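Hi everyone, thanks for making the time. Let me put the sequence and the structure up on the screen, and then we can walk through them together.

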Amino acid sequence: MSNQATTGQTAGHDNAHGSFDTRPIWRTFWILLVITLVEITLATIHMKTGFPSKYVLNGIYLILTCAKAFYIIAEFMHLRHEIKNMIMTIAVPACLFIWFIVAFLWDGSSYNALRNRYDRHYADQNKVKVEQPAEKPGKPE
Amino acid sequence: MAQAVPAGQKWWSGGKSPFNVEYGKLMMWYFLMSDSFTFGAFLISYGSIRFATNGWPNPNEVFKAFPFFGETNLPLVFVSLMTFILIMSSVTMVLAVAAGHNGDQKKVTFYMILTILGGLAFLGCQAWEWTHLHTEGAWWGRNPFPNADMSKASTNFTNFFFTITGFHGFHVFSGVIINIIMLIMNMRGTFARKGHYLMIEKAGLYWHFVDLVWVFVFTCFYLL
């Protein structure tokens with residue numbers, strides 16, 4: 001943490017009138033903006049060149065999204081500055097979310113692999129292609 | 001950097017609020033936890049179904065329009081604008097809370113108005129997105145977009161999209177209503193009379209939650 005950020009934090013904690021420090025707020029805004037721009041840049045690079053692979057890319061997105069969530073909760077919602085035990089009552093269930101994210105990707109993917117392996121009809125269904133739509137998206141049925 | 005408290009402080013013996021925080025604020029946090037589990041359940045079911053399915057539409061093919069640009073191929077641009085609008089409105093909300101801490105009623109009014117405008121702008125954008133997709137034939141039960149590998153897509157794609165973004169949009173809408181009520185209460189001097197702007201803080205927590213959910217919805221539908 002830079003010296004400036006630290007003084008910002010301590011000044012911001014003075015609950016007397018006229019001293020809510022908004023510098024950490026703007027710093028958080030820039031961090032969120034940069035993270036979002038990085039995500040979009042990676043998405044665009046992937047669209048044009050196929051690099052990095054979708055798996056790596058998804059992993060990066062999830063980590064960056066969790067980073068954004070952390071900053072919004074800690075700074076905008078001010079949770080970082082509450083009493084430690086209260087932070088825990090929020091943070092511990094939030095860690096469950098990390099597990100949920102991992103679980104949904106893993107479980108879904110596993111189900112897909114297993115179903116393709118054991119259900120021939122399901123695997124073949126995917127091979128039936130629709131007609132190529134023209135430049136415009138398809139019309140409703 | 002949690003709040004500094006004297007060692008040996010007995011928090012749970014009565015007579016003071018255990019976390020040194022107002023009851024309403026703590027309850028708002030716990031309401032937000034429950035609401036985030038609801039959204040979490042929706043997004044997890046979306047993720048499980050999506051990755052369990054062989055083919056899925058490519059989001060960059062589906063979501064490539066931009067208002068007033070006609071037929072165009074600008075994937076991620078419009079949704080980035082929506083994300084920026086919502087983050088900005090979160091910043092103005094924090095500035096309103098800051099102004100409340102400083103007892104500055106006029107500034108609270110100013111920032112609340114900006115936050116409400118940001119929320120309305122986001123809702124307008126979402127409405128445009130829905131209308132555009134609808135004119136292309138998408139709706140609950142109707143999916144005109146083929147999968148990325150050109151096999152026929154299931155309606156799961158549009159069902160999940162409209163349900164989850166709709167549920168989120170409903171939260172944005174209710175957040176805007178709450179913010180309008182806060183604005184009116186502030187302009188009438190309710191908070192100045194009470195001596196504290198805690199209600200603005202609680203409304204702020206709800207508004208940031210709405211922003212937080214959008215960050216996840218944006219990632220799940222447009223990026224992954």
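Let's start with confidence. For anyone new to the term, pLDDT is the predictor's confidence in each residue, on a scale from 0 to 100. Helices here are DSSP runs of H or I with at least four residues, strands are runs of E with at least two, and both are numbered from the N terminus.

Now the ground rules. This is a predicted model, where local features need pLDDT of at least 70, side-chain atom pairs count only at pLDDT 80 or more, and totals for chains, interfaces and linings use all residues. Residues are numbered from 1 along each chain as its sequence is written, while chains are lettered from A and ligands numbered from 1 in the order in which they are written.

Chain A has a mean pLDDT of 78, with 79% of its residues at 70 or more. Over residues 1-18 of chain A, pLDDT stays under 50, and the model has 17 contacts for them beyond four places in sequence. By contact I mean that two C-beta atoms, placed from the backbone, lie within 7 Å. Residues 135-141 of chain A are also below 50, with 12 contacts beyond near neighbours in sequence. Where pLDDT is low, the predicted coordinates should not be read in detail. Chain B has a mean pLDDT of 92, and 100% of its residues reach 70 or more. The model scores ipTM 0.81 and pTM 0.86.

On to chain B itself. It has seven helices and zero strands, and its C-alpha trace spans about 65 × 40 × 30 Å along the principal axes. Of its 224 residues, 39% are buried. Buried means 20 or more other C-beta atoms within 10 Å of the residue's own, exposed means 12 or fewer, partly exposed is in between, and the C-beta atoms are placed from the backbone.

How do the chains meet? 52 residues of chain A are in contact with 50 residues of chain B. On the chain A side, H4(A) gives the largest share, 16 residues. By class, that side has 28 nonpolar, 15 polar and nine charged residues. Here Ala, Val, Leu, Ile, Met, Phe, Trp, Tyr, Cys and Pro count as nonpolar, Asp, Glu, Lys and Arg as charged, and the others, Gly among them, as polar.

Why is Phe104(A) called buried? Because 22 other C-beta atoms lie within 10 Å. Leaving aside neighbours within four places in sequence, Phe104(A) is in contact with Ile44(B), Gly47(B) and Ser48(B).

Next, the largest nonpolar core, which has 71 residues. Such a core is a set of buried Ala, Val, Leu, Ile, Met, Phe, Trp, Tyr and Cys residues joined through C-beta atoms within 7 Å. H7(B) gives the most to this core, 17 residues. Ala96(B) is one of the residues with the most contacts inside the core. Beyond four places in sequence, the contacts of Ala96(B) include Val108(B), Met112(B), Ile200(B) and Gly204(B).

Last stop, H2(A). Its buried residues are Pro24(A), Ile25(A), Thr28(A), Leu32(A) and Glu39(A). Just after H2(A), Gly50(A) takes a positive phi of about 75 degrees.
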